[in-house]
Amino acid sequence: MSAARKGDLIGLGAMASAGFRAVSEYTGMVLGLFAVQAVMALGAGLVIARLLAAVFATRPVFDDAVDGDLVALFAVVRNADILGAATLWIAVGAVLTWVVLSWFLGGGALAVLTERPRGRRETARCFGAGGAGTYFAFLRIGLASGIAHVALVLPAAIVGVSAVADRLERALTLMDLLGSMVLALLPAALLAAIIGAVMDYARAELTLRRPTHDHLGAAHAISRALVFVVRRPVAIGHVLLGWLAAAAVTGVYGWAAHGHPMYGPGGAVALLVIRQGLSLVRMAIEVAVLGGQVELGQTRPPPPRRVVESD
Amino acid sequence: MGRAPRGMHAAMSLARFLAGTLALTAVSACSGNLGPPRPQRMPVADGKPAVVGAPRSPRIANYKIDAKLDVVRHQVTATETLTWTNSGQSPVDTLPFHLYLNAFKNDATVFMKESRGEHRGQKASPDAWGWIDVSSIQIAGAEVRPRGKFPGPDETVLEVPLDAPVAPGQTIEVRFAFVAQLPEVFARTGFKGDFHMIGQWFPKIGVRVGPPGAETWRCEPFHVLTEFFADFGVYDVTLTVPDTHVVAATGVLTAAVDNPDATRTLTYHAEDVHDFAWMADPYMEVISDTAVVDGRQIEVRVYHRPAQREFARRHLVAGIGSIESFSKLFVPYPWPIMSVIDPPPDASGSAGGMEYPTLVTTAADHAGFRPGVRLPEFVTIHEIGHNWFQGILASNEVEEAWLDEGVNEWADGVVMGMIYGERGSLVDWDGWSADYFHVARAAMKDLGKNPSPIATVPWKFVDPAAYSQATYEKTALALRTLGNVVGRDAFDAAMKAYAREWAFRHPTGRDLFAVLERELAQDLSWFIGPAFYGTGVADLSVRDSECRPKHEARGVFGDGTARKTVTERDAPDTGAWVCEVVVVNSGTVPVPVDVEMHFADGTRQRETWDDRGAGHWHRFEFERSSPLVEVELDPDGKVLLTDDFLDDQIRLHGDPAASYRAGARAAFWTQTLMQGFGL
C-alpha cells in the first residue's frame, strides 16, 4: 500500500523510494512494457534492415561503412540521401506508433501503481482495465501535451539556440560548446519539465480518481494538475530527477562503450544485448517516475464529487 | 509587507528561476572582454634578407607606400609610389589600376551584385561599406587624376591615359595619394571590432600579357569568384599604427620607431612578391618556430588571440610541415618568414582562409575539430600552399582559378600525407581515419553533372557551388588520378619540373600540361582533354557478372540417324566454373583501371582494363576451379575522378548481414527516441 496519506507533504526521497518500490513490486510489468517497446523498435530496425539490404546487400562498400570505414560511410550517406530520409521516417513512424500505444500502456501502468493488485492475473486485469478506461482521456492529454510543446517548448528552444548561435559557431573549447548548448536549452528543458509534470499529474489524477470521479475529464485534470504542480515544485524536481537518472545511465554507457565500437557480426550481437540492457534500465526509471508521481498524487485531496439529485 | 500564500510563493520562485535561466542564457550570448588595449613591446627588426640569393623575378611593379591606420575610423591614409617597367615589346599608352576596395562601395558593384552581399556564408554589413578614394595621381610631376576614368561596370578599375607612351623597356614612376576605407570584413579584407586585416588596399597596376609585340592589359573588375593577378616586384612599406597594436605584414621588418603621438611606425621590405597585406590588432599574441629548408631556417609565426592558443599550436605544426614539404616537392621557400594570422573567431569566416605572399590567414578554429580532425590544419596548409601556387607560380587567378586553387588543393592532399601520414591525413581521431583525397571523392556528388569544365573562367560558372566543385576538388581529384595512372613518383617529378621552370613567372594551364607531357614523355591529351576541358568524369561500374558450372555441350547434336542427345548425365559438370564479368565506363574520361575478381575459395585474380579507345566496355571471360563471388573495380582506389563509386565493388550474391547490423543500431536509436516521447 501507499506510504503517503492525503494531506501529507512528501519530498523527493519519498517519491524516489516509491519509484523503487514500484519497480521491485511490478518487475513483470516493467519487463512487459520493455518487451513491447523493444519489439516495436526492433521491428522498425528490421524494416530498415530490409530496406538497406534491398539496396546494399550486393555492395561491400556498405559493409565497410557499417564497420567503421569513415570514407565508405561518408560515401554511402552522401549518395543514398533518399534512403537516409526513408530510414528516418520509418523511425519516426515507429515512435509515433509507440506514442499512440503509450496512451494505453501508460494508463495501465498507472492503474497498477495506484491499485497495487496482487498476483500476475490480477495485475494483468487491472492493467488492461486501467489502460482501456483512461485511453481516450489520455489521448486528449497527449494531444494537449503535444500542442503545449509545439507552442511553448519549441519556441523557447529556438530562441535559446538563437541567443547563443554565435557562441556555438565560435566555440573554441568543448566547455564553451556544451555549456552554451546547455544554457541555450535550459529554458526549453524547464518548460518541458513543467509541461511534462503537469501532463503526468493530470494522468495520475485521472487514474487515481477514476473509481470515484468518473466525470473527471482531461481538461479538468490538466487544470487541477497545473495548480498542483505550481504549488508543489517538487513535482518538477522529480521529473528532472528522472531525466537526470536516464541521462546518467546513458552517460555511463557512453563512457564505458567509448573505444569499443563493436563492429562485425560478433560485435553487433554484443552491442544489441548491451543496448537493450540500457533501454531496460531506462524503462525501469520511467516506471519508477510514474510510481513516485502516484505517490505524490495521492497526497492531494480529491476534487468535489458531483451530486446527482434524483426524485 | 504581507506574506504570500505558500502556493503563490512557490509559483513566484518558479517564475524567478525561469527568468534567471533566461537571463543567464542571454548573458552567455555576450562575448568576453579582453580589456583596454595596452602599448605593445617595441618589435625588433627581423635582420634578415627579404629573399634568399639573387633577385628571383623580373621585378616589374615596385611599390613604396607610406600608410597610417586610423583604428577608430578604420581608415588607411597613404601615399604610394609605383615604379613600373614596360617589359613587353609594344608601347603602352594607358595605365590601368585595380581599386579593389571599391568592390565594397555599394550594392551595385560587380562583386556585390554577383555575391548578393554574401561571401562564404558571411554577410556584408549595410553600415560599413568599404572604398578607396584616390585623390591624386602624379606622373612626372603632373597631376593626372582628373583624366582617370572607370572603364568598367564599377569603380574597381581606374584607367589613366598617358601623355606619352611608355616604350618597351622604359620605366615610369606614378605617385598616388589615397584614403582606403575598410569595410566591416565579410570577404577577406576589412575590420571586425579591433581586428584589422588589410588586403587589396592600395592602387595596384594590371599585368601585360600576350605574345611579344602584341601584349594587352589584364586588369579585370573585381568579381566575387576571382582573386588576383599581379606582377612581381619589391615593396617598401611604412605602416604607422597605434603603439597598442601588434602588426604582421608581408616581408621583413627593417625598422620600428615610436612617435610622440602614441603611434609607432614600422617599415617592411619585401622582394619578389606580387602583393602586400598586413594585420593590426591590439590583442594578438605570437608563437613561432623554425622550418628547415635546404639547411636554411625559415621562421614560422602564428598570430592569435589568447583564447585560440591551442589551435595556434596546431597551425604552427601545420605551418612548419607545409613550408618544409612544399619546398621539398616544388621549389624551396625563398623568403625568411611565414606569418600565419589566426583571426578572432568572429572574423574567422570572413577574414580567414586567404593567402598573401609570406602572410596567410587561417580559419576553422572550433571545438568540434578535436585534435586529429585536421580541418584547421588543412586551412593553414592550403593557404601556405598558395605561396607556391600563385605566390611563386603567379598564374592568372582571375582567368584560370583552377591553376592555383585546384593544383594547390592537389598539393595540399599530398602534403597532408607527408606531414600526418597518408592513411589518416585528414581525420585520425577516436578510431576513425580518412585521407584527404578519398574524403574529397566521397564528398563529391554528381561530379559529372557540373555544366562547366574545370578550365572555365570563374565568373562564367553557373553558381559558386559549381565553381568551387570544379576549381578545387575536381581539379585535385583529376591530378591525383593522373598521378596514379602514370605513377606517383614520375608525376611528382614532373610537377616539380613545372614549378622550377615557371617559378616567378606567369604560367598558364597549357604551360602546365606541356611540361607534364614533356617530363612524362607521353601524350596526355586522352586524359587532359576530357578531364580539364570537358565536363565529365570516369563512371566505372560492373555491368554484369556471372558464373556457371563447366561441362561438355548438352542438347541434341547431328541429324537423322546420327542425331544424339547429350544429357546432364552424359556431360556432367566438371567441377570447374566459367565466369564472365562485364565492366563499363559510362563517363567521358577514359582511364586504365584494375579489376579484381574474388572467388569462393578465397583466391583472387587481378586484371587491368585500359579504356583508352576500347569502346567504354570490356568483357572478361575465364575459367576457375571455384565460383566468382565478388568483383572489385579499382581495388587500390586510384581512380578518384569518378562519380558514384558505390557500384565499383559488387557481390554476386547479396549478403544482408551488414544491413541487419545497421538495422540493429537504428533500432536502438529509435528505442531511445521512444523513451523520450512515450509512456
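Predicted model: local features only at pLDDT ≥ 70, side-chain atom pairs only at ≥ 80, totals over all residues.
## Chain A

Chain A has 11 helices and zero strands. Its pattern along the sequence is α-α-α-α-α-α-α-α-α-α-α. Taken along the principal axes, the C-alpha atoms of chain A fill a box of roughly 80 × 50 × 35 Å.

## Interface of chains A and B

On chain B, 65 residues are in contact with chain A. On chain A, 82 residues take part in that contact. The area buried between the two chains is about 6,600 Å². Carbon and sulfur atoms give 67% of that area.

There is a polar side to the contact too. The count between chain B and chain A is 23 residue pairs in polar contact, both residues at pLDDT 80 or more. Which elements of chain B each supply at least two residues of the side that touches chain A? They are helix 1 (6-28), helix 4 (345-351), strand 26 (432-434), helix 7 (436-443), strand 35 (649-651) and helix 12 (657-677). Helix 12 of chain B gives the most, with 19 residues. By class, the side of chain B that touches chain A has 35 nonpolar, 17 polar and 13 charged residues.

## Salt bridges

Side chains of opposite charge can pair when their charged atoms come close. Over all chains, the structure holds 43 salt bridges. Three salt bridges are found across the interface of chain B and chain A. Arg651(B) forms a salt bridge with Asp63(A). The closest N and O atoms of Arg651(B) and Asp63(A) are 3.0 Å apart.

Within chain A, Glu205(A) forms a salt bridge with Arg300(A). Here the closest N and O atoms are 4.0 Å apart. This pair links distant parts of the chain, 95 residues apart. Glu205(A) is in helix 8 of chain A, and Arg300(A) is in the segment after helix 11 of chain A.

## The largest pocket

About 1,900 Å³ of space lies in the largest pocket. The lining has 50 residues. Which of them are the closest to the centre of the pocket? They are His149(A), Trp243(A), Gln675(B), Gly676(B) and Phe677(B).

Helix 5 (81-115), helix 6 (120-163), helix 8 (174-209), helix 10 (234-257) and helix 11 (264-297) of chain A each give two or more residues to the lining. Helix 8 of chain A gives the most to the lining of the pocket, with 12 residues. By class, the pocket lining has 33 nonpolar, 13 polar and four charged residues.

## Enclosed cavities

Rolling a probe the size of a water molecule over the atoms shows where empty space is left. The count comes to seven cavities of 30 Å³ or more. About 120 Å³ of space lies in the largest cavity.

How many residues line the largest cavity? The lining has 15 residues. His274(B), Asp275(B), Glu355(B), Pro357(B) and Gln390(B) lie nearest the centre of the cavity. Strand 23 (residues 354-356) of chain B gives the largest share of the lining, three residues. By class, the cavity lining has six nonpolar, five polar and four charged residues.

How values were computed:
Residues numbered from 1 in each chain as written. Chains lettered and ligands numbered in written order. Heavy atoms only, no water. Contact = heavy atoms within 4.5 Å. Buried area = accessible area lost by both parts, 1.4 Å probe. Salt bridge = Lys/Arg side-chain N within 4 Å of Asp/Glu carboxyl O. Polar contact = N/O pair within 3.5 Å; in protein donor to acceptor, adjacent residues only side chain to side chain. Helix = DSSP H or I, 4+ residues; strand = E, 2+ residues; numbered from the N terminus. Nonpolar A, V, L, I, M, F, W, Y, C, P; charged D, E, K, R; others polar. 1 Å grid on protein atoms, 1.4 Å probe; cavity = no way out; pocket = protein on both sides within 12 Å on 5 of 7 lines; lining within 4 Å. Points joined across faces, edges and corners; volume = space filled by probe spheres on them.
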